[in-house]
Amino acid sequence: MARSSLKKDRYRTIKNSLDRFFSIAIIVALGVAFFIGLKTAPIAMKNTLNSYYEKYNLADFEMVSTLGLTEDDLFDTESLGYVNKAEGVYNIPGTTVVNDKEVTLDVNSFEDEDQINGLKVIRGRLPSNEGEAVVESNKEGKPLVPIGSEIEISTDINVKDDSGNKVNPLKTRRFTVVGSVNSPVYLFSEKSKLLYSGLNSNSYIYINKKDFNLPTFTKILIKLDKRPEQKAYSDKYTSLIDDNQDELKEMLSGFVTRRKRNITDKAVAKIRDEQTKLNDAKSKADKKLTDAKVELETNETRLDYLSSANYNGLDTPLSRNEIDSALRDVDSGKEKLKNEKKKTDEQLKMANDKLNSALKEAEKPIDARYFLLDRNSYLSYFDYGESTKKVDSISKVFPVFFVIVAFLVCLTTITRMVDEERGNIGLLKALGYTNYQIEQKYRFYSTSAASVGAALGIVLGILIFPKIVYDNYGLMYVIPKMKYTIAPSLCIATFIASVALTSFTATLACAKDLEETPITLFMPKAPQVGKSIFLEKIGFIWKRLSFIKKVTFRNIFRYKKRFFMTIFGIGGCCALLVSAFGLKNSIEAIIDEQYGQITLYDGVFNLKENPNLNSVINNSRSISILPFYEDNVTVESGGKDKNVLLNVFVDGDKEDGYIANNTKNEIDNGKSVSINGKSGIGDLDKYMNLLDYKTEKKLSLTDDGAIITEQYAKNLHLKTGDEFEFKDIDGITYSAKVVDISKNYLTNYIFMTQRYYEKVTGKDSKFKINKAYFNLDGKKITNHKEADKIKSEYEKNPNVALVDLSYDRIDNLNYTVKSIRSVFLLMVVSAGALAFVVMYNLTNINIGERIREIATIKVLGFYDLEVAEYVYRENMILSIIGILLGFAMGIGLHRVIISTFEMDNMMFPKSIQNMSFLYSFLLTALFSLLVNGAMYFKLVRIKMVESLKSVE
């Protein structure tokens, strides 16, 4: 019976304070929804793409060799126990013309619908016959060219068979488009490809495998046997790759060795064959010459005989005719012998030339490079993984702060509730209820509210947050619809933690009152002791304050618990807003700082071998250029190899002002690159500012060491004066010295002079320019049409391979900023909602604690607006103090979020714009005004007589 009465009291308490109950539920729901949403979003993003990858058999590894790969290599790869499937494929670069614009293509082979790196058909069908092709489909489902049309593919790659004979890589150049597809290898949307224009093709096409005419496979694709938990982007998948790559690398090395041996054997066989042909030609030639000589000698003998007979008086018409015939035969024999000898010499020379050519070919060293590439070599796979990390990094910091603020407000709310029910607690104790039973009432209240809020938050977090994030990242990628993901362990753990945390607040709130005796609890709680405040000691200010204002300041500092809870509650919400706006500022600042202060060039040329830079400069549009050498080197960080771009700038003070491309011997022989006028390290500041990462002072390259970028130095814990190592593509390790560290936000760089590079590597004879910065004639690119025109114009130049414009990179970064706007908006909306609920709760508690005071001033004749002003004045002062505290907390929170948001090759400015502080201030003040407006009606409804009877 007693327990039944206590249960009724629990439900009655909830019924009589629904506003408080639901305020706790809403605060918990906001915290849980935000936490679950941001934690689930990257999981949903990864799971959706993992299903996509597995459905269309995205390769786990690619074997690539410059010598090609054979059927034997494929058979050996398939025989490995952990390999589920292996396929030999063809892949070459090509170009086509679409709407009078040249488009670069990745031309791939298609075998069947179950192939590794399969295709998702958007329209039409897959190729089934020779001469058929499928093209890329964009996000709207529109194919590169209309289905049913013909597309012509051009390719300028040089392919030779094992005999050294040149072959055409494709059997035909014209293909009929039978469908449009999406591929798991190419996730980028058309817009986002702009950033990678120097790294991958504009589009892709798949043609029937039989349409290739290559002697070997260009790649072997490998699918591993995987367990369900070894999903893409997971640690277990990474471990699977790490466990198998060493053996595969060793096997690939064996393939290359075998291929070299086969090529050498064929070369030797060719030499033997040519030697045999030469010997046969000599034998035949000797026989023909011998026969011709015998025939000539016979005719000469016959002529001598006939001439002798005629001399002895046997002159007859017949003998004269025979003599004439013999003379003709002798002359003919001589001519025949002469021709045979000439023909024989030519045949022998040709056979000897072939033999010498075969000998020279066999003597050439076989240059072979090979690579074992995992999925991270697919740029879109890697970039998508980095996008999920960005969301996950926010979820590690922002929601935690969110939950702390919610916890503080819940504690304040439950504490106020317990204070209001002191008499009821005293009655229950007097009736014999234990402290545990009484505490259970308030635990039940708090856990019930938390359970409702947590359940609602989990549902909202799963259904809304990940969908918004996924769809906005979908602007950058061509990806399938999101699969809603429920992480049971995460949801259960969050639910339990939320309920336990809120229950703990009830325990804290009850602890002090439960220690008191029933008689003490029946008595009114002693009012807060009035004390003088610091402001009273400043006489010239205190004397000028009105009585109402003095009361306001005394009330603010008299109730210290309420003071700190209010400013920390408001400050926490303001800090969340500041960090959200600051994150947006940091991402946008990359564009202004990277392309406004550091990167000054209009674009970069990827140059072909031995370029004529005069040809590039003397194009239709006036430009200036700075040639340099770039190499993709690796450094070890955290036990893994990280890519870094090594830029070597040529010396601009060479004789006659030309740029050296090779050795001095080659320069003297006219093989150097030359341009009109000097252009070297001294002109670097026209194209790029190397700024000290601390002082932003301009740096200069010297022959004493290298300049490295800030993020690279941070990753490897390097400082000025340290030695560091880097490894080139051939696996050779070199050591260099850090002379300065420069500010840079995108990509890690090592900058060197040509002389220092040659000193470090000893590669003077191999030094070759392969890139050049360029600036246009003062007119910046303003639209895509102009950008496309410039790229098309320069890519037609025989010395230019690719053109990478800064305009495209800036445009893509703007697009990236838009794609993560959803995350920013989620942070702002969630922080704003939390701010509103927190302020509503704290104001409600404030009014509830001061009903007697408010009723008193109403009895004294204060009008409703004057009463509201009396209460709101304190709220506004506390709000301003909380906002100022929130600014300081927001700066710290922003730095923590940015630090977790950064990647190996990208960092962000950590400054927050003044407007962000203003927006945060205005939003927090707006929420405060809205709460005050909502609470006005509660102040008006306070009944003076009943309130005067209440016990405080």
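1. Let's start with a pair of residues facing each other across two strands. Ala 86 has Ile 222 in β12 as its bridge partner. Strand β2 and strand β12 (residues 217–224) run antiparallel and are joined by 6 bridges; two strands count as paired if DSSP finds at least two bridges between them. If you're new to sheets, keep in mind that strands pair through backbone hydrogen bonds, either parallel or antiparallel.

2. A word on what you're looking at: this is a predicted model, where local features need pLDDT of at least 70 and side-chain atom pairs count only at pLDDT 80 or more, while totals for chains, interfaces and linings use all residues. Residues are numbered from 1 along each chain as its sequence is written, and side-chain values use heavy atoms, with hydrogens and water left out.

3. Now widen the view to the sheet that holds β2 and β12. Its 4 strands make an open sheet in the order β2-β12-β1-β13, with antiparallel pairing. At the edges sit β2 (83–89) and β13 (370–374), each pairing on one side only. From one strand to the next, the twist averages 20 degrees. Helix α3 (residues 71–78) packs on this sheet and touches β1 (61–69), β2 and β12. The direction of α3 makes about 165 degrees with that of β2; such angles run from 0 to 180 degrees between N-to-C directions, and axes are lines fitted to C-alpha atoms, for helices over the stretch in contact.

4. Next, a helix pair. The axes of α2 (residues 18–55) and α10 (residues 465–473) come within 7 Å and cross at roughly 50 degrees. The two are therefore oblique to each other (under 35 degrees is roughly parallel, over 145 roughly antiparallel, 65 to 115 roughly perpendicular, and the rest oblique). Who meets whom? In α2, the residues include Ala 33, Phe 34 and Gly 37, and in α10 they include Phe 465, Pro 466 and Tyr 473. Contact here means heavy atoms within 4.5 Å.

5. Strand β20 (residues 749–753) is worth a look too. 5 of its 5 residues are buried, so β20 is largely enclosed by the rest of the structure; buried means under 20% relative accessible area, exposed over 50%, and partly exposed in between, using a 1.4 Å probe and protein chains only. Tyr 749, Phe 751 and Thr 753 lie on one side, with Ile 750 and Met 752 on the other. β20 pairs with strand β17 (residues 706–709) over 2 bridges in the antiparallel sense, and Ile 707 stands opposite Phe 751.

6. Gly 457 is in helix α9 (residues 435–463) and is buried, with a relative accessible area of 0%. Not counting residues up to four places away in sequence, Gly 457 touches Ala 29, Val 32 and Ala 33. Ser 387 lies in helix α6 (residues 379–395) and is buried as well, with a relative accessible area of 2%. Leaving aside neighbours within four places in sequence, Ser 387 is in contact with Tyr 473 and Tyr 477.

7. Finally, the whole chain. It comes to 26 helices and 22 strands, where helices (H or I, at least four residues) and strands (E, at least two) are DSSP runs numbered from the N terminus. How much of the chain is buried? Buried residues make up 51% of the 952 residues.
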